[in-house]
Amino acid sequence: MLINCVAYQEGKKLCDIPVEDISDYLDKPGCFVWVALRDATDAEMAQMKEEFALHELAVEDAARGHQRPKIEEYGDCLFTVVHTVDLVDGDHLATGELAIFAGKNYVLSVRRDSAKGFLGVRARAEREPHLLKMGSAFVMYALMDAVVDRYFPVVDMLESELETIEDRIFTHGAQRENVERLYQLKRKGLVLRHAVFPLLEAIGRLHGGRVPPLIVGTQDYFRDVHDHLIRIGGRLDAIRDTISTAIQVNLSMVSIDESEVNKRLAAWAAIFAVFTAFAGVWGMNFKYMPELEWKWGYPMALAVMIAVCVYLYRRFRKAGWL
């Protein structure tokens, strides 16, 4: 689906143009075309391939989707794939994909399975014609920067939820729920890690050393995106380590609770074993037992058993077993 197709010259918007006229504006000096598609069909991708002379492998990756974040060079064209991760309904993650084709005088963005668009990026770029004058390289940076900026609220949510779980770790009876929430949080963190770290590796090639000709003059902007990704990666590493520690602490709390239960059971078993032992001895029907003919034998037997059990109960209480 075509979102918009706009021609720019010297950083200023000329007009919205039909797709059929793209080639006419590509030939104009100082002019570039920015096209945005959403969930593009095969016919639309074929049309874009013809208009911009795109490489068939890059077009195939953009049409198929489910690609790893990457930046590839196809002649004078840079093909970039980034994953979008957005918060939905507070704490649910919606993932999508954005493919960007950037050439000398064109930018084509194709988003797939993404609920949020990038109209704000276009509006921001049009408000800064001195930056938009840099051409397709700046547009590519602006799109990537917008995607990376959307990662920060996700990281904030993960950290906030982790702090909430940490406050409940030592709450009695909450261990099972805590473990479930920690594993769900770990899975959310992995979703974001799969978007951040491959892109971190790829974008490092866009500043410093040998960079693609298209990027020369805009390296500082891509270095800024790289710095943001490093910050996010560091926070994700800290979250992952804290989750692992929290899971271990939570499992230790479960073991401690089980140990307490086992001690209580053992203490009560020892107390009732006294009754069993004394009853077993006095329950033997031998003729010559001193207590058989004594009228106080039965009360005395009960008193002895109760006294021993009370003594054991007090000792177990003092030892912290009961």
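1. In which strand is the place of Ile3? Ile3 sits in strand S1, which covers residues 2–9, where strands (E, at least two residues) and helices (H or I, at least four) are DSSP runs numbered from the N terminus.

2. The model is a predicted one, in which local features need pLDDT of at least 70 and side-chain atom pairs count only at pLDDT 80 or more, while totals for chains, interfaces and linings use all residues. Residues are numbered from 1 along each chain as its sequence is written, and side-chain values use heavy atoms, with hydrogens and water left out.

3. With a salt bridge taken as a side-chain nitrogen of Lys or Arg within 4 Å of a carboxyl oxygen of Asp or Glu, the count comes to 14 salt bridges. Side chains of opposite charge can pair when their charged atoms come close.

4. One of these salt bridges joins the side chains of Asp86 and Arg150, at 3.9 Å from N to O. The pair links distant parts of the chain, 64 residues apart, with Asp86 in strand S5 (residues 77–88) and Arg150 in the loop between helix H6 (136–149) and helix H7 (151–168). Both Asp86 and Arg150 are buried, a term that stands for under 20% relative accessible area, with exposed meaning over 50% and partly exposed lying in between (1.4 Å probe, protein chains only).

5. Asp145 and Arg124 also meet through their side chains in a salt bridge, here at 3.6 Å from N to O. Asp145 belongs to helix H6 and Arg124 to helix H4 (residues 119–127), so the pair ties together parts that are 21 residues apart in sequence. Asp145 is buried at a relative accessible area of 6%, whereas Arg124, at 27% relative accessibility, counts as partly exposed.

6. Within helix H9 (residues 219–282), Asp237 and Arg240 are three residues apart and therefore separated by about one helical turn; their side chains form a salt bridge at 3.8 Å, N to O. Asp237 counts as partly exposed because its relative accessibility is 26%, and Arg240 counts as partly exposed at 37%.

7. A network of salt bridges links Asp61, Lys70 and Glu72.

8. Returning to Ile3, this residue makes a nonpolar surface patch of about 270 Å² together with Met1 and Leu119. Patches consist of residues with over 30% relative accessible area and no salt bridge, like charges being joined within 9 Å and nonpolar side chains (Val, Leu, Ile, Met, Phe, Trp, Tyr) within 5 Å; the accessible areas come from the Shrake-Rupley method with a 1.4 Å probe. Ile3 itself, at 31% relative accessibility, counts as partly exposed.
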